[in-house]
Structure formats: C-alpha cells, structure tokens
Amino acid sequence: MILEIKEKIVEKILLLIAFSSISILALIAIFIFGEGLPLIWKVGLKAFILGERWVPSQGSFGILPMIIGSFWVTLGALLLGIPLGLACAVFLSEWTPPLAAMFLRPAIQLLAAIPSVIYGFWGLVVLVPLVRNYLGGPGLSILSGSLILGFMILPTIISISEDSLRALPPTYKAGGLALGATHWQTIWRVLVPAARSGIVASIILGMGRAIGETMAMIMILGNAVKIPTSFLDSARTLTTNIGIEMGYASGDHRQALFATGIVLFFIIMILNSLAIFLSRRRTG
Amino acid sequence: MKADLMKFHLSWILIFIAVISSIVGCQRRQAGVTVAGSTSVEPFAELLAEEYMLKHPESHIYVQGGGSTAGIVAVKTHAAHIGMSSRSLMSDEKNLYAVTIAKDAIAIIVHPENPITDLSLPQIQQVFSGMIRNWNEVGGHLRPIVLVTREEGSGTREAFQKMVMEKEEISLEALVQDSNGAIRQVVASDPNAIGFISLGLVNQTVKALKISGVEPNLENIVHGRYRLVRPFLFVFDGKPEGEANSFLEFVLSPEAQGLLQKEGLVTIRP
C-alpha cells in the first residue's frame, strides 16, 4: 500500500519534470514570437522574406539573401554528405569485419562529438586558404562551408541509415541472394530501397543539423549579405545572421533577428515533422 | 524486485534534485565589478583591470565582450556595473551616464605583401562602396579587391561609416566579420583583402595604410592630422559609486592613461 503511494508520488514528480522541460520549449517559442512578430507586422511578411536588402541601419530588413544562403550551403553539404554517409552506412552494415567496426563506429561517433568551433577553426585555417589559392575568390565561401558541413552531418546520416539497414529482416537479404543476385545487387536493389524511410529520415535530420549550424559557418562563410551567385561567393545563413549581429543589435534590428529566428523555427519544425513522419512509415 | 526498482528511481531523483539545487542554490554573490561591452574596448579594459587588481588585490574586475549594445543593455538591466561602448550613445540611451576614457583611431589594413601603402579618403570610400573593384585601379596588382567589414550595429563600423563612407553605403558584397580580431585574421591571410580595425590592435600580421600620406601614429592623431578617431566610453546607470567608481578613477588616472597610450590609444588628457 505504502509502496503504491510512493509509486504514485514518484510518477507525479517525473511527470512534473518531463513537463518542465517541455514548458521551457514553449517559453522559448513564446519569447521568440513575441519579440519577432511585431517587426514582421511592421515590415510586412512578404517584404521580410522576399526582401533582397538587409541594411538594418537604414531600416531595410530583407532576409532573402540569408534564405538562399542557407539553401545553397545545405544543398552543398547534402551533396557531399549523402553519398559518403550512405556508402559508409552500407559498408558498416554489410561488409565491415567486426574488428574494423569496433574501431570505425566510435570514430564516427567522435565526429559528432567534435565541437563545431573546432570544425570552423580547422576550415578557416586549412580549407579556406586551399579554396582561395586553387579556385580563387575570397576562400570564405559556400564551397568551404558546404565541405565542412558535409562532414559535420556525416555521423547523423551514417548512424541512422545504418540502424535502419540493420533493422531489416534477414530474409530480405537471403531472398535476394537466393534469387541469384550478387551481394551488391541485393544491397542496391533490395536492402537500400527497403530501408528507404530510415535513410530519408537520416538525410532530413542531417539537413536540420546543417541549417542549424552557426559557429562554424560564421567562421567560414564570410557572412556577406548579398545573394550568392556562385559556390565561390561568400554567403550568410539564417543562423549566422543572428549569431553575427546579436552583439550590437538594438530596437528594430534586434527584433528583426528574432524574426529571422521565427523563420528558422518554421523551417526546422517542418523538417523534423517530416523526419518523424517518414521514419514512422516503416516499410517503404 | 519492485522495491529495488523503487530505490533505483528514488536515488536518481534525489541525485537530480541535489544537482538542481546545487546549481540554483549557489548563485554566486556579486562580488567585484563586472565590465561588459564593446569588443574593441575589451582588450584595453582587461589590461586596466589586471593593473587595478594588482594594486587592489581584494577586488575583482570581470571583463566580458559581447558588443557595445550588449554592454549598454547589461548596464540598463544591472547585469553589469560598467558598459563599454565604442560608439556614442543613441537617443534612447541618453539617460545613462557616459565617460570618455580614451580615443581610438581606426586603421585601414591590408595584407603585408600588398604593394599599396597609401590611399586617400575618397579612394577608400570608393573601394568600400564597391566602385573600385580591382587593386590595379589604385596602383596595385591586377587582382580583385576583397572587402572585409564589421557587422551592422558594430561601433567600429558605425564610426567608419560616419567618418569615411559618409552618405555612401558599404558594399553588400563585403565579407562581414564580428570582431576586430576576426577582420585582422582574414586580412592577414588574404593578400587581396582590405579591412578596418582599431589602431591599437594592428600588429605585424597586417599593414596599416597611410591616408593621403598621413601615417596612423600617435603624433599624427594628437595633432589632428589623422582624422579617423572615435571615443571609447564607459557607461553607467546613474553616477558611478563604490568599486565601479574607484575603477573609473583609476582608468582616468595619469598612470592608466599612460598605459593606454602605450597600447596605441589616444588619451583624453594630453
């Protein structure tokens, strides 16, 4: 009897704690919206999202260059991250000898544990001069940013894709092989399509990570507020726009940064819901 | 079995509560003076704070960056005792008490290998507005100019805008970095770059340009020949008192001003 009462109390305490973490999320959302929405009303949603000029000191608040910047950088990161990540996941789940896997898996996890400022610093010191010397431009560019981001999203893509490949019933593989397909044909025609939902979810989560990355991008992208026209141009993403200007922003400028946060909030929410939706549909 | 599970839960909850309460409970008593704000003023304030603490071992001065506006907001909300600003106060900040602690020159910097040593103000204006796009148009190599500027709202950018650009706009193509140090880093590593930073932070990795033949040095600044000069402010909410006041007094003392002068700033009392 006493145990049961204790159980109830513990249950309620846990419930309270669980809700407090959710309520923090709610508080953050309320705060961001409260700070940012007034500016969006004032400027107009269309002028804010499709405006091409960001000059807060003159009252121009258009974040189209940042939306395009985020898009290009993320696309570049995916172009690098998807083939590498998928190949790595297939290798890990199908071919890796146990001894190599023992070494490979922690190494990939470590890739996720490296702080982004280290990625940024490495990119700035090693990658940026390479791009500048061999390809031209300032070096601080979408290309450099995409390369670094591509590596940063690898752990997400690899681990979730590998999990979904491993979760397939062994009969799929046995069936493919029994029909006379080679190992590679089985992987490419049977296993990867069957694990499609998990793989797509991993890519979308990787995208979320890429869009949200700030510190490394501030260091590598150059942060120019112009709509980029080539991969060697400098760009600014939505997150770096907030990160780089919050120190000195006040008044409308500060609100505009929160409004940038609202746009980011929606993009990330859409991506996450998509990932959850896709990973729930188990069979592809 | 169930009791075991129970103990397990309870012990975790106890640990959790202990951790939370230790975080909440030991909210540090505010001892000493917190100085926050402009990243341009920060290194000098740190130097002064060190010196001050040597003399007054019992007191603590905490110096943080964050930016001029962040510093001013911190003072308003009493998160900091002193705000550092590298721009003059805006109209809605005039109720604060501001003291000019020194003046700082802005240097136009290029890569040391750049053959250019001298530009006129109109030339600098045209370069930064994007009208001059190649170094050969101002007598250098045939190479595109890479502009590096500070972010919107920065005190240094604002001062540069007012003193050099006037009505012109800094090109939107310019790379944007969020501190003097970051600009210096980019300019030091890119032979085609040009940027502007606080003169006190110029070192051998970059080259400060003469402006119409006038070298940015103390003598030229004091005599008013080098014009790109702006104030460094300490900002208070009301009259400074206590520890903050004695730090301010130290900063304004001839000794501290001498230190600032050695670091390349222009002192307020000649």
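Student: How many residues does the contact take from chain B and from chain A?

Tutor: In this predicted model, two residues are in contact if their C-beta atoms, placed from the backbone, lie within 7 Å. The contact takes 26 residues from chain A and 27 residues from chain B.

Student: Which elements of chain B each supply at least two residues of the side that touches chain A?

Tutor: They are α1 (2–25), α3 (68–76), β7 (175–177) and α6 (180–189) of chain B, and the largest share of that side, 6 residues, comes from α1(B). By residue class, the side of chain B that touches chain A divides into 11 nonpolar, 9 polar and 7 charged.

Student: At roughly what angle do the axes of α11 and α12 of chain A cross?

Tutor: Angles over 145 degrees count as roughly antiparallel. The axes of α11 (residues 238–245) and α12 (residues 252–280) of chain A come within 9 Å and cross at roughly 155 degrees, which makes α11(A) roughly antiparallel to α12(A). The crossing of α11(A) and α12(A) is left-handed. Residues of α11(A), among them A:Leu238 and A:Ile242, meet residues of α12(A), including A:Leu257 and A:Leu264, and the residues of this contact divide into 5 nonpolar, 4 polar and 1 charged.

Student: How many residues of α4(A) are buried?

Tutor: A residue is buried if 20 or more other C-beta atoms lie within 10 Å of its own. Of the 16 residues of α4(A), the number buried is 0, so α4(A) lies largely in the open. From its first C-alpha to its last, α4 (residues 98–113) of chain A reaches 23 Å, close to the 22 Å expected at 1.5 Å a residue.

Methods: Residues are numbered from 1 along each chain as its sequence is written. Chains are lettered from A and ligands numbered from 1 in the order in which they are written. This is a predicted model: local features need pLDDT of at least 70, side-chain atom pairs count only at pLDDT 80 or more; totals for chains, interfaces and linings use all residues. Helices (H or I, at least four residues) and strands (E, at least two) are DSSP runs, numbered from the N terminus. Ala, Val, Leu, Ile, Met, Phe, Trp, Tyr, Cys and Pro count as nonpolar, Asp, Glu, Lys and Arg as charged, and the others, Gly among them, as polar. Axes are lines fitted to C-alpha atoms, for helices over the stretch in contact, and angles run from 0 to 180 degrees between N-to-C directions. Angles under 35 degrees count as roughly parallel, over 145 as roughly antiparallel, 65 to 115 as roughly perpendicular and the rest as oblique. A crossing is left-handed if the near helix is turned anticlockwise from the far one by less than a right angle, and right-handed if clockwise. The expected span of a helix is 1.5 Å times one less than its number of residues. A residue is buried if 20 or more other C-beta atoms lie within 10 Å of its own, exposed if 12 or fewer, and partly exposed in between; C-beta atoms are placed from the backbone.
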